Structure formats: C-alpha cells, structure tokens
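Have the sequence and the coordinates open while reading.

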Amino acid sequence: MANHVWYNWAMKFSLIITAHDEGVMVRTTLMSVFRAVEFWREKSGASEDDFEILVLLDNGTEETQECLRGYMAKVRVIECDFGDVGPARNYATSEARGEYVFFVDGDDLVSRGYVDGALKILETAEDEIVVCPEYCIGFSEDGRTGSVLRMAGSGREVGEIGEPREGWREHDAFLLFNINLWVMAIAGQRKTFLEHKYIRSENGYGHEDYAMNIALTAAGVRHEVVPGEVYFYREKAHSRRTWNDERKAAEPYSELFAPEFWQTFPAIEKQRRAGIMGRLKKLYMSVRQNKAMRALAESVRGAMSKKMVKELPQEVLEEWGAIIEIEPMAGKSVRKGNLRKKFEKKINAMGAGGVNKYCPASEVYLLICREYGGFSGIDFEKYARKLDAEQRDLLMSRIMVQSRGKAQFLDDGCLKEWKKIHPELAKNLEIDSLGER
C-alpha cells in the first residue's frame, strides 16, 4: 500500500503516525495533524517539500487501510507486520526522511501549535533534547469522561521555566522510578531515536514509551515541554497500555536506577516537596481501596480535578473546544456553554501537576539502596510494609530487574508472591526456583 515518492533527505521533519486498527478514527488524527502542519507552514513559510507525514501501518485492518486510501496524496504509507508498536516506531524512524521526527498514535490528536512550537525549541537547543506538549488531555471512547495531565521539563517543577536545576537527572530518576513523567508524543532529532530504540513488549517488559523516557534520561537527553500545547489522548478500554498494565509489565534494566547512582542522592526530606496536590494524592491513594472510605476518595479526586481545571489557561480551553469540533468524542458532553465549568464535571486530574511528586516506592528504594547497595539480605518487609499492593509490586519489580534476578531477601515470601504475578519476567530473569537464581 506504500505510495512511492522521491526521497528528499533535506526535509525538516517527519511526523510519524503509528496505526493498526483505528478505522475511521485515523481520519480525525490526520485532520489534527494537517491543521498543525499548516499552522507551522503559515508561520515559517515552508513548502510541502520540507516535511512528510508518514503513516506506519502495522498489521492494518481493512477498514483502516480503506480510510487511509483517501489521503494518499498527502501522506506516505508504509505497511509492516511487527505486531508491536515499539519495533514499528523503530522501523518508521529508519524510513523517515526528516531531520526531526514526531510520534503520534493513530487515534490521538495534537493541538494546532504543537509542531511549530516544538521545532522552535528543537532548532535552538544547544544540547540533545526531546520535546512533548505541556498538557495531555485524555478522553474516553464515549466522550463523557476524561483526564488532565500537566507535564514539566527535566529537573523542573510544573510551570517552571529557565535552565534545569543542578542534579536534574537525580530529580527525574526519583520521579521516573514511580511514574511515567511524559506522554508518548515526543519529538526530537531523528538520530536520537536511531540511537535509542523503543523496546518490544515481551519477556515481561512493556510500556515502550515509559521505557524510552527512562532510557533517554539515563543517557543525559533532557525532556522539554512545548508551553501551552496539548496532546489529546483517546482512553480506550482495550489498548496496548491497558494490556501492559494488566500483565504487570516492567521496564528493562537502566543505569538510571543503579544503586550506586542513587547512593549519591540528597536526603529524602529534600526530595519530598509534593505540595497540596501531592498531599491530596497521598490521601487518595491511602483510602481508594477501602470500600468504607470510597466516598472520601471520590471527594478528594473531585477536589483535585476542580483545582486543575481552574488552572488551565484560557487558550488551552479554547484549543480543546476547537479539537472537539474535529473529534466530538474529545468532549461530547461539553461542546457548548461555559467550557471551564463543564470540564470540571468530567475530568479526572489524578495525574496532574505536582501530584507526581508523591513517590512512595521511590522513597523506599532510596533507603534500600543506601543500606543494601548490592541487593543482598534485604529486609523487604521492614521497608515495604506501609506501601499499598501496587507500590509494593512496583518496588519489587524494580529490585528484581535492577539486580538482574540476583537480589537476596531475609524472607523469600515476598519473592514467592512476586513470582506468581510476574511469571514471564521471572522466567526471563532465570528465577526458576527460589534456590536457583
């Protein structure tokens, strides 16, 4: 299905859309991409020869193929059969002809100024960096609920501008241990993504975008955000992300989580500056699994969401309204009237802004690295007893991956519990039995 064009190796950028079974949804993705590219052309005076829109169709369904046929004059389509988004993006990067590459999923949308703003940052950067939009607005398949995440550049607080703080890798490592700080929609020099590959979701590993963000940070490649720009993420019940979540996928070994690196970190008290949003997140996580306190958990969630939406700039709300005109599901219940008031009722901002500073598993891991640098004789229960099941599993997975399956515990009960949840990863790490590691 590939449409053949003459190669122009002097292109400014390649915007890569990875697609599979999106069907008609790929049309709204293309409409938002065309809109962003045209805005960049208007601002820069660039021609059609200065960029390409590359659709990497991985085991594409017949409906998705049919939808793309109507855009063959505007996009370059390459078909493949990887069956996995990580290697598909790697292949698309190798085929791309631009100096810079942008990644967008085949059912998501981008704000009008994203391409223009991202290129301005990339072209003026003195160091090797990658960029992403400042905001991620998620919307459910029926368009009635959603989420908001506001991201910050490496080593910065949300909304902070200027040079990253000293020790930015330590800052980001502490947070990345616990949560993915940036969305998959990143852009950077093509050579960056030729050197740093997306992982394949196999052998117990997954979340290719999370693993990429870890790998880039470990290599000293900073993340920057494009102020005021938005990535609109379709929250599907069945997606690659939910599949990886369900299989409790872990990220591969990284020098970013090496004990000897963490032993250089400042005291925990200096890491914990979560603010009011972080404290609310801590309260929410402590009561969310308690049925008797579910009402309190929802009240906390609602308070956080309302606070976040009130802080959204007017231009972000206006862009959200414009995207709804392209894709009504991006806010089906808020198309008219007071956008801010209506958005407050439909948004879950649990991942917004400063809440990411609440990192209980990171705090425990730092203590373990200080006392058990070689991961030998760990008193796991002593440190993990106050963690909930999710954080406890995350901590154990990091320890097992970072030790390459060689960690030793005072009580192997924690390892037996972990092996039941992660049989694929345990096999990959050659943990066949508790006596043979």
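Two strands are taken to pair if DSSP finds at least two bridges between them. The model is predicted, and local features are described where pLDDT is at least 70.

Start with strand β6, residues 129-140. Twelve of its twelve residues are buried, so the strand is mostly covered. Strand β7, residues 146-150, pairs with β6 in the antiparallel sense over five bridges. The hairpin of β6 and β7 has five residues between the strands. In this hairpin Gly 143 takes a positive phi near 80°.

With strand β9, residues 222-235, β6 pairs in the parallel sense, over eleven bridges. Val 230 in β9 is the bridge partner of Tyr 135. Strand β8, residues 187-189, is joined to β6 by two bridges, and these two strands run antiparallel. Here Gly 188 in β8 stands opposite Val 130. In a regular strand the side chains alternate between the two faces of the sheet.

The helices come next. Two packed helices are described by the angle between their axes and the distance between the axes. Helix α1, residues 25-44, packs with helix α13, residues 314-326, at an angle of about 135°, and their axes are 10 Å apart. Angles over 145 degrees count as roughly antiparallel and 65 to 115 as roughly perpendicular; α1 and α13 are therefore oblique to each other. Their crossing is right-handed. On the α1 side the contact is made by Thr 28, Met 31, Ser 32 and Arg 35, and on the α13 side by Glu 319, Ala 322, Ile 323 and Ile 326. Four residues of this contact are nonpolar, two are polar and two are charged. An α-helix has 3.6 residues a turn, so residues three or four places apart point the same way.

Helix α1 also packs with helix α4, residues 114-124. The angle between them is about 55° and the axes are 7 Å apart. The pair α1 and α4 is therefore oblique as well. Ala 36, Phe 39, Trp 40 and Lys 43 of α1 meet Val 115, Asp 116, Leu 119 and Lys 120 of α4. The residues of the contact of α1 with α4 comprise five nonpolar, no polar and three charged.

Why is helix α3, residues 85-95, described as largely enclosed by the rest of the structure? Eight of the eleven residues of α3 are buried, and this is the reason for the description. The buried residues are Val 85, Gly 86, Pro 87, Ala 88, Arg 89, Asn 90, Ala 92 and Thr 93. Their cover includes the strands β1 (11-19), β2 (51-58) and β4 (98-105), together with the helices α6 (190-195) and α7 (208-218).

Last, look at the loop between α5 (168-176) and β8, where Val 183 lies. Is Val 183 buried or exposed? Buried means under 20% relative accessible area, and Val 183 has 10%, so Val 183 is buried. Leaving aside residues up to four places away in sequence, Val 183 touches Cys 132, Pro 133, Cys 136, Met 151 and Asn 213. Of these, Asn 213 is 30 residues from Val 183 in sequence, and the two are 9.0 Å apart in space, C-alpha to C-alpha.

Key:
Residues numbered from 1 in each chain as written. Heavy atoms only, no water. Buried < 20%, exposed > 50% of the residue type's maximum accessible area, 1.4 Å probe, protein only. Helix = DSSP H or I, 4+ residues; strand = E, 2+ residues; numbered from the N terminus. Axes fitted to C-alpha atoms, helices over the stretch in contact; angles between N-to-C directions. Parallel < 35°, antiparallel > 145°, perpendicular 65-115°, else oblique. Left-handed = near helix turned anticlockwise from the far one by under 90°. Contact = heavy atoms within 4.5 Å. Nonpolar A, V, L, I, M, F, W, Y, C, P; charged D, E, K, R; others polar.
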